[in-house]
Amino acid sequence: MEFGIPATDEAAREYEPSMRLALDEARLAARAGDVPVGAVVLGPDGDVLGRGHNDRERTCDPTGHAEIVAMREAASALGSWRLSGCTLVVTLEPCTMCAGAAVQARLDRVVYGAIDEKAGAVGSLWDVVRDRRLNHRPEVIVGVLAEECAAPLIEFFASRRVR
């Protein structure tokens, strides 16, 4: 299965600071009892336009995924739903909903850390963002701080299996 462009050393260096911000967001989700996924949206100049973490439990909102929260904040900051020129940086491979939203938002790029072989839709289980039938296909960069991004998820789910 094609996951995207593996993060080269150069890409890893370029997106590592943003991924660390996304990891900070993931920690906020974990503290609130939600799955620890975090995301940021970078503008064309690299500035952070939106931040988000999973917030489904608190809001009782099934769309409260980190990516959606961050894209909403970025769109609000820009005053447009079109996020052309922007980059989504997220700790976990987006699901079908979030991958579809990335396409609909016209994001230029999706950068993620950990692969989600159970529900990922950016190269693992599905590949929504590169479906040739769609009108927009963002670039995909995979594996930035992958182990660091996977660690909070592993810990979160391990703690729930013990109960």
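In which loop does Glu117 lie?

Analyst: The model is a predicted one. Glu117 is located in the loop that runs between strand 5 (109–114) and strand 6 (139–142). The relative accessible area of Glu117 is 63%. Residues over 50% count as exposed, and Glu117 is therefore exposed. When residues up to four places away in sequence are not counted, Glu117 touches Ser124 and Leu125. Glu93 is 24 residues from Glu117 along the chain, and the C-alpha atoms of the two are separated by 8.7 Å.

The largest pocket comes next. Its volume is about 540 Å³. The lining is formed by 21 residues, and those nearest the centre are Val35, Leu92, Asp116, Leu153 and Phe157. Sorted by class, the lining comprises twelve nonpolar, two polar and seven charged residues. Helix 5 (residues 146–161) contributes the most to this lining, with five residues.

Helix 5 also packs against another helix. Two packed helices are described by the angle between their axes and the distance between those axes. For helix 1 (residues 9–31) and helix 5, the angle is about 5° and the axes are 11 Å apart. Angles under 35 degrees count as roughly parallel, and helix 1 and helix 5 are therefore roughly parallel to each other. On the side of helix 1 the contact is made by Met19, Arg20 and Leu23, and on the side of helix 5 by Glu148, Cys149 and Pro152. Of the residues in this contact, four are nonpolar, none is polar and two are charged.

Glu148 is part of helix 5. Leaving aside residues up to four places away in sequence, Glu148 touches Arg20 and Leu23, both of which belong to the helix 1 side of the contact. The relative accessibility of Glu148 is 36%, so the residue counts as partly exposed. Gly113 is 35 residues from Glu148 in sequence, and their C-alpha atoms are 8.0 Å apart in space.

To draw the parts together, Glu117 is an exposed residue of the loop between strands 5 and 6. Helix 5 gives five residues to the lining of the largest pocket and meets helix 1 through Glu148, Cys149 and Pro152.

Note on methods: Residues are numbered from 1 along each chain as its sequence is written. This is a predicted model: local features need pLDDT of at least 70, side-chain atom pairs count only at pLDDT 80 or more; totals for chains, interfaces and linings use all residues. Side-chain values use heavy atoms; hydrogens and water are left out. On a 1 Å grid over the protein atoms alone, a cavity is a set of points where a 1.4 Å probe fits but cannot get out, and a pocket is an open set with protein on both sides within 12 Å along at least five of seven lines; lining residues have an atom within 4 Å of a point. Grid points are joined across faces, edges and corners, and a volume is the space filled by probe spheres set on the points. Helices (H or I, at least four residues) and strands (E, at least two) are DSSP runs, numbered from the N terminus. Ala, Val, Leu, Ile, Met, Phe, Trp, Tyr, Cys and Pro count as nonpolar, Asp, Glu, Lys and Arg as charged, and the others, Gly among them, as polar. Axes are lines fitted to C-alpha atoms, for helices over the stretch in contact, and angles run from 0 to 180 degrees between N-to-C directions. Angles under 35 degrees count as roughly parallel, over 145 as roughly antiparallel, 65 to 115 as roughly perpendicular and the rest as oblique. Contact means heavy atoms within 4.5 Å. Buried means under 20% relative accessible area, exposed over 50%, partly exposed in between (1.4 Å probe, protein chains only).
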